[in-house]
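Please look over the sequence and the model before reading on.

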Amino acid sequence: MAVAEDAEQEVAQQNKKPPTEDEKRRKKIVPGSLMKALIRPGGGDSRPSDGDQVIYHCTIRTLDGVVVESTRSENGGRGTPIRHVLGKSKMIVGLLEGIPTMLKGEVAMFKMKPQVHYGEDDCPVSVVNEFPKDDELHFEIEMIDFFKAKVVSDDLGVVKKVINEGQGWESPREPYEVKAWISAKTGDGKLILSHMEGEPYFFTFGKSEVPKGLEMGIGTMARGEKAVVYVTSQYLTQSPLIPVIESFEEVHFEVELVHFIQVRDMLGDGRLIKRRIRDGKGDFPMDCPLHDSLLRVHYKGMLLDEERSVFYDTRVDNNDQPLEFSSGEGLVPEGFEMCVRLMLPGEIALVTCPPDYAYDKFPRPANVPEGAHVQWEIELLGFEMPKDWTGLNFKSIMDDAEKIRLTGNRLFKEGKFELAKAKYEKVLREFNHVNPQDDDEGKEFVNARNLLHLNVAACQLKLGECRKSIETCNKVLDANPAHVKALYRRGMAYMAAGDFEEARGDFKMMMKVDKLSEADATAALLKLKQKEQEVEKKARKQFKGLFDKKPGEIAIAGSEEREDNDTGENPNNFDKEDSDENNSEESREAEAEADQMGWFSRIWPTGGRLFSALGLQRCSIL
């Protein structure tokens, strides 16, 4: 029993949090060093605690009644009470201990020895040299108010008090459009601004149209919330709301966030902007069609010319029938789809789109000129998520996976490699939850998964991600080192990356494990030889004259233009990689393009080793 108790005590000691700095400082308080006398009782039962902002007046006197310092104007102060956040603000240890004992409205006198006020060793609060910090002093404190505070800035320059909670979780941010009722007072209560009648104040978030501290506070508010935002002088920047910033120590802004319009800079450069005109139903972004879905929208397309010419309207040009399309398949312009994915059902948004995300890379309507900036007014009527595989039998799952893969193949052949890769990777993620029930299902599943990995590798190769393509091929080859298609794909990736020896090894291994692949491997080796000769030729040009200059002369290397690297893969041959047919077409292509062996290596056999030492054999672009 004693052993158990000892174990519990040991665990309790381990779980005990180390004391905070404030708790360590409180230990300096000894009997007689801090005494409290009640001058006027307060009201209520609650007292301030950590996390509360306390607002109080403070007058410091010597024991014979001479005022040393005060916040009150009648005692020579500015009239602005002190604001501190308990547990956050730097305070003298006497008030750190004394203030949590007070009620709202209470006035008390604290008699403090030097070690519990500014005379404390390593006191975190500094005072002027003339301050009698070595004397015993009286601190008269009036507790005006205290409440739970939202600390907006770490230095406590912006603090928020919530009066009425708002709705939802979303808060405005750059470049949202905001409407709010706003009034402002100085710290001593003088009204300096009131925008509480007529129309709410309108501003664009992030455009310096309100003081910085006020904007930071509003950025923490929900729609309909009412709050007081306390802003100190360092956050009182000039703005159209308050054009002249006088010598205010701080300003208290009373704010009611009436409404804000979600405006999104989709690319971060101001070119593709989505502006919400009408709110949709649901919570953002949980109820948005973020994943590939079947979408139904009405839209009106306009040119950004003086007339705002309408070039298409589904309600007019499509007999009021909405457009239906599957996202993730490149069926609408990229900018259009990016914005619809961030819409809620029932939402109407106005999208301003640059040409490269509109119709420059998409079939262009006849009445849209080349290079045109466009605007779409889009209404998301609804969407259907793809069916969940939960509860489906193995055959249904594999049929659905094959449909998605074939969609990826179509996108690949259209040159939409990112979209194709996303389709393949989606199926691979879902495959993590598929459990074949017998050997036949297991074999079919493994073959399908391997094929998807090789599809992903082909996309990565087209996107110039050679190393990722090699890693993806390794997922197949780690389990089956004799997988011919994976060897071929990895060999092509090695060749594109400039790893010629590794590529040669993969192509030779193809011939060793499968005689039927000899034609493909031979064509690939010819292509590899051509690549090596190109690198060799460029190296000769780059280092021409480097070794035949006289002593003291400098040869300039690297003056030749760089050329793009060819992956050696043709999108039109992609389906050949997915079938059991060989790669005879690529073999013929490589054979036709291959050149004879260069003379350079014959007349200078050690040259290859030199360039290898320089790292040139691994450079695909020189």
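## Backbone features

Leu 156 is placed in the loop between strand S7 (150-151) and S8; helices (H or I, at least four residues) and strands (E, at least two) are DSSP runs, numbered from the N terminus. Although Leu 156 is not a glycine, its phi is positive, at about 65°. The model is a predicted one, in which local features need pLDDT of at least 70 and side-chain atom pairs count only at pLDDT 80 or more, while totals for chains, interfaces and linings use all residues. Residues are numbered from 1 along each chain as its sequence is written, and side-chain values use heavy atoms, with hydrogens and water left out.

Glu 174 and Pro 175 are joined by a cis peptide bond with omega of about 0°. Pro 175 belongs to the loop between strand S8 (158-164) and strand S9 (177-186). A cis peptide bond also links Phe 284 to Pro 285, with omega of about -5°, and Pro 285 sits in the loop between strand S15 (273-278) and strand S16 (294-303).

## A pair of packed helices

Helix H9 (residues 439-462) and helix H10 (residues 466-477) pack with their axes 8 Å apart and at an angle of about 170°. Axes are lines fitted to C-alpha atoms, for helices over the stretch in contact, and angles run from 0 to 180 degrees between N-to-C directions. H9 and H10 are therefore roughly antiparallel to each other, a term for angles over 145 degrees.

In contact (heavy atoms within 4.5 Å), residues of H9 including His 453, Leu 454 and Ala 457 meet a set in H10 that includes Ser 469, Thr 472 and Cys 473. The residues of this contact comprise seven nonpolar, five polar and two charged. Here Ala, Val, Leu, Ile, Met, Phe, Trp, Tyr, Cys and Pro count as nonpolar, Asp, Glu, Lys and Arg as charged, and the others, Gly among them, as polar.

Methods. Parallel < 35°, antiparallel > 145°, perpendicular 65-115°, else oblique.
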